[in-house]
Amino acid sequence: MATFFQQLVNGLTLGSIYALVALGYTMVYGIMELINFAHGDMVMVGALVTLSLTHVLAGLGVPLALALPLSLLGAMAVCMALGWLIERVAYRPLRRAPRLAPLITAIGLSMVIEQVAALLWGRGYLTFSLPVSRVWNLGGVVVTPIQTGVLGLSLLLMWGLLWLVRKTSLGRAMRATAQNPEVARLMGVDTDQVISMTFVLGSALAAVAGLMVVAYYGIGNYTMGFMLGLKAFTAAVLGGIGSLAGAMWGGLLLGVVEALGAGYIGDVTGGLFGSNYKDVFAFLVLIGVLIFHPQGLLGGRAGEKV
Amino acid sequence: MDEYPLLVAERIGKHFGGLRALQGVSLSLGEKTITGLIGPNGAGKTTFFNVLTGIYKPDEGTVHFAGAPLPSGKPHRVAERGIARTFQNIRLFSQMTVLENVMVGRHLRTRAGLLGALFKTAGTLREEQAIRDRAFQLLEFVGIAAHATRVAATLSYGDQRRLEIARALATDPRLLALDEPAAGMNAMERKRLGGLLEQIRNMGTAVLLIEHDVRWVMGLCDRITVLDHGERIAEGTPREVQTDLRVIEAYLGTSRSVTA
């Protein structure tokens, strides 16, 4: 039973990161029906910028408690600027193009971002270790401060985003744009600006997710956004693409499924497959959802779409 | 009656491929007036609205509003300048609540940016409350405040039309353009709508409306412009237009074919 709860904790941690990234996919899809496949790489950019800035600040003698939040803010600023730029330069000119064009553009962008990152940071693995050795042992279930930090910050950000979308003027403008962009414009909503803001918000969340990934795994690399992006996309589809709450539940659920799968696959298959097959579960879920319930868990439900 | 015209559209032309939807159409209207735009189906009325609100760029002609040219092809800038509209086929944000629909209309009169929203500054919270109060006030004005928290799609047809008017009014327009606001309404509802539009005019917002019910329009409007086949065939007071031979022909066919 300890394995179960341990994997549940691990899965929720991982899942909350997926959820943050999935929100970026689902917001952009909700508002302009575009799958922004470069979004996963935004997480990588956020991770590597945070990592580099922390090293630089630590080298200057800034204490970690200050260096880490400063680095995160720096990474968020970089990602927000990059997200804004990508929308402006790559997607906006394709607003009226057939849907395949922006999709291919997204894949191309993903490659460009990865290769530029490889030039800047090299192709090796960069390490990142936070000096937190303390762990809590709750009846055989080990919980680390990083895990609680990841989970807590994710929940806070998700709550903040829901509040923004449901209760603010910008959020209403986003929902109006998602439901009917032409009418939104006629009612005075600058939909171009709303779309820009959507990319900026999603990119900021991706930057935070980037910090979480390097803090949790302790390493970063220019390709780290690819698999993460695919899984977050799976989470968004699982929850119902376009639905904010769906992205959150989808992310958490996918993280738990993956962790439990990885925890038990060895036992179930008599050691034939190990936990290195954990990535399989996400894609089994994706295939399953697409075949049996393509609208996802919360897809198509009124009011949630952004 | 008015010192200067609020809207001056001059010789507007718009064609789609070979189809001439509008040809040399001029229309001007003053503040505190209700102007009717009538004509048979396909006369170009809705096309004219789309030019006016920036959805279409006119191929010929200019539109001046409150003394300055209107930006074409940028509907949100037109809304900012003070023209708001409703639609022939109702187009609400159907999954949002009634109140939220109206609050969207306040967006362009809102200052708060992303940072203000994120940090919940006192100014942002105050502004949000002001938006809410104003939206509620407008719902009361059009008479559907009781339904404020309902999802817009669940309203009755007539109430949805009223909601569209409230949403348009939320942008603080100087000109309210209504595309067949009375469509599908019975005589009783039409009468109430007419009263509402007169109130809007008297409060200082000009009204331009497309309508098919000629008798209703004649009783309501200060001036009327008649379009047929994309051209303006008459303009004047209801009485002048009513007796215009070209108008009678457009609606009834040529006098010869009527008598024949």
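This is a predicted model: local features need pLDDT of at least 70, side-chain atom pairs count only at pLDDT 80 or more; totals for chains, interfaces and linings use all residues.
In strand β4(B), the residue that bridges to E10(B) is T62(B).

- Strand β1 (residues 5-16) and strand β4 (residues 60-65) of chain B are joined by 5 bridges, and they pair in the antiparallel sense.
- These strands belong to an open sheet of 4 strands in chain B, and reading across it gives the order β2-β1-β4-β5. The pairing in this sheet is antiparallel.
- Which strands stand at the edges? They are β2 (19-30) and β5 (68-69) of chain B; each has a single partner strand, so one side of each has no neighbour in the sheet.

- R11(B) is not a glycine, yet its phi is positive, at about 45°. You will find R11(B) in strand β1 of chain B.
- Look for A66(B) in the loop between β4 and β5 of chain B.
- A66(B) has 16 C-beta neighbours inside 10 Å, so A66(B) counts as partly exposed.

- Where the two domains of chain B meet, 10 residues of domain 1 are in contact with 9 residues of domain 2.
- On the domain 1 side of this contact in chain B, α2 (75-81) and α7 (187-202) each supply at least two residues. The most come from α2(B), which gives 3 residues.
- That side of domain 1 of chain B has 6 nonpolar, 2 polar and 2 charged residues.

**Where chain A meets chain B**

- How many residues does each chain bring to the contact? Chain A brings 21 residues and chain B brings 26 residues.
- On the chain A side, α6 (169-179) and α7 (181-186) of chain A each supply at least two residues. α6(A) gives the most, with 7 residues.
- Sorted by class, the side of chain A that touches chain B has 10 nonpolar, 6 polar and 5 charged residues.

**The largest nonpolar core**

- In soluble globular proteins, nonpolar side chains tend to be buried together.
- Here the largest nonpolar core has 165 residues. The members that touch the most other members are A19(A), V21(A), A22(A), C79(A), V208(A) and A209(A).
- This core also draws at least three residues from each of domain 1 (1-82 + 173-260) and domain 2 (92-172) of chain B.
- What is V21(A) in contact with, leaving aside its neighbours within four places in sequence? Its partners are H39(A), G40(A), V43(A), A206(A), A209(A), L228(A), G229(A) and A232(A).

Key:
Residues are numbered from 1 along each chain as its sequence is written. Chains are lettered from A and ligands numbered from 1 in the order in which they are written. A nonpolar core is a set of buried Ala, Val, Leu, Ile, Met, Phe, Trp, Tyr and Cys residues joined through C-beta atoms within 7 Å. A residue is buried if 20 or more other C-beta atoms lie within 10 Å of its own, exposed if 12 or fewer, and partly exposed in between; C-beta atoms are placed from the backbone. Domain bounds come from an automatic or database domain assignment. Two residues are in contact if their C-beta atoms, placed from the backbone, lie within 7 Å. Ala, Val, Leu, Ile, Met, Phe, Trp, Tyr, Cys and Pro count as nonpolar, Asp, Glu, Lys and Arg as charged, and the others, Gly among them, as polar. Two strands pair if DSSP finds at least two bridges between them.
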